[in-house]
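Dear colleague,

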Amino acid sequence: MKKINLILSACAIAAVALLVSCNNGTKDYVNVRTINNSYAYNVTGSVTNTKKDGNTTAASVNVTTATIKSATAKVEWSEDKLNDSNYDYYTVKFNGTANWTTSNTPAGSTTATTSKFTDEFGVEGTTVEQERVELPAGWYSPTFITQIDSIYNHNYENNPLDYYEYLALQQAFVTNYVDDATKQADTTGSYDSYTSYSSRVRYFYVEEPCIDSLELSFYEFDGDFYVWYDNEYVKLPEDAVDGDFGDDEITIKYTLSDADTRTGLSETEKNDTTVVQSTETAYNFTFKLVEAE
C-alpha cells in the first residue's frame with residue numbers, strides 16, 4: 001500500500017508542477033484575473049422625451065413616450081482582481097417592444113396632435129437613407145425644376161435633406177406637375193408657363209427618424225452613480241438606482257436635461273435670452289431577475 005500511495009503522490013506532484021493532469025495529458029488553466037458578471041432581467045417602465053423649441057412667448061412642445069410592452073435587459077459589469085480602480089462600470093442593454101405615444105403642440109397653440117403606434121423599444125434617433133424619386137414625363141413648373149435641381153446638386157450624405165423638407169418636396173411635386181392629357185384639356189392657360197420634360201430619376205439623401213436600441217451606462221464612485229452626458233459626468237440623485245446590480249429586483253428612475261446648458265444653440269441664440277431650445281429625457285424602469293427554469 002505504501003508503494004502505491006507514493007506513486008500516486010508523485011503523480012499528483014508532477015501534475016501540479018506541470019499543470020498537467022494524469023488524464024491523457026490534458027492541460028487545465030485557471031484564470032482568476034477578471035470576473036465577468038452578466039444578469040438577465042424582465043423590464044417594465046418607460047422613457048419620455050420632451051423637446052421645446054421657440055421663444056419665451058411661444059414654443060413648440062413635442063413629447064414622445066415609449067412604454068414597454070415586453071422587454072428584457074442584460075446587465076453586465078466586470079471585476080478585475082489584479083488592477084484596482086476607484087469606480088465600477090455597468091452597462092444595461094435593452095431588447096423588446098413598446099407602445100409609443102407622440103404629442104406635438106405647435107408654438108402659440110394649446111391643441112396637441114397625438115399619434116400612437118407599436119414598435120421596437122428604444123429611443124428616437126435619425127438615420128440617413130437614400131430615397132429614390134422618379135419624375136415621370138410631363139409638364140413641370142420652371143420654378144419647381146429649378147428648386148429640385150438646386151436641392152439635388154447640393155444634396156450629399158453629410159448634407160442630407162431634413163425628413164420634413166423631403167415631405168415638402170414631395171408635396172411640391174404634386175402641385176407643380178401635370179401630365180399631357182391634363183395640359184391639353186386645360187382651356188384657361190393655367191399651364192402655359194410649364195415646360196415639358198422627359199422622365200428622370202433622382203436619388204436624395206434624407207435624414208429620417210428611426211428607433212435606436214437603448215443602452216445605459218453607469219459609473220459608480222464610492223456608492224454614488226454618475227452618467228456621461230453632455231460631455232461631463234452627471235451625478236444622479238441618491239434614489240436614482242434602488243438596489244444593487246445583480247439583485248432580484250432593481251428600480252432605476254432619473255431625468256436628464258440640457259435646458260440649463262442650452263446646447264446646440266448658435267452664439268447669437270445663446271445671447272438671446274428669449275430663445276427656448278431644450279431636451280429632457282426621463283427614465284423610469286423596474287427590473288426583475290429572470291429566474292432559471
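Two strands are said to pair if DSSP finds at least two bridges between them, where strands (E, at least two residues) and helices (H or I, at least four) are DSSP runs numbered from the N terminus. The model is a predicted one, in which local features need pLDDT of at least 70 and side-chain atom pairs count only at pLDDT 80 or more, while totals for chains, interfaces and linings use all residues. Residues are numbered from 1 along each chain as its sequence is written, and side-chain values use heavy atoms, with hydrogens and water left out.

Strand β1 (residues 34–55) runs antiparallel to strand β2 (residues 59–80), to which 19 bridges join it, and a hairpin of three residues connects β1 to β2. In this pairing I35 stands opposite E79 of β2. With strand β16 (residues 275–289), β1 also pairs in the antiparallel sense, over 15 bridges, and there T44 faces T286.

Five salt bridges are found in the whole structure, each being a side-chain nitrogen of Lys or Arg within 4 Å of a carboxyl oxygen of Asp or Glu. One of them joins K74 and E76, at 3.8 Å from N to O. Another joins D149 to R200, with the closest N and O atoms 3.9 Å apart; D149 lies in helix α2 (residues 142–153) and R200 in strand β10 (residues 200–212), 51 residues apart. D149 also meets R202 in a salt bridge (3.9 Å, N to O), and since R202 lies in β10, this pair ties together parts that are 53 residues apart in sequence.

With regards
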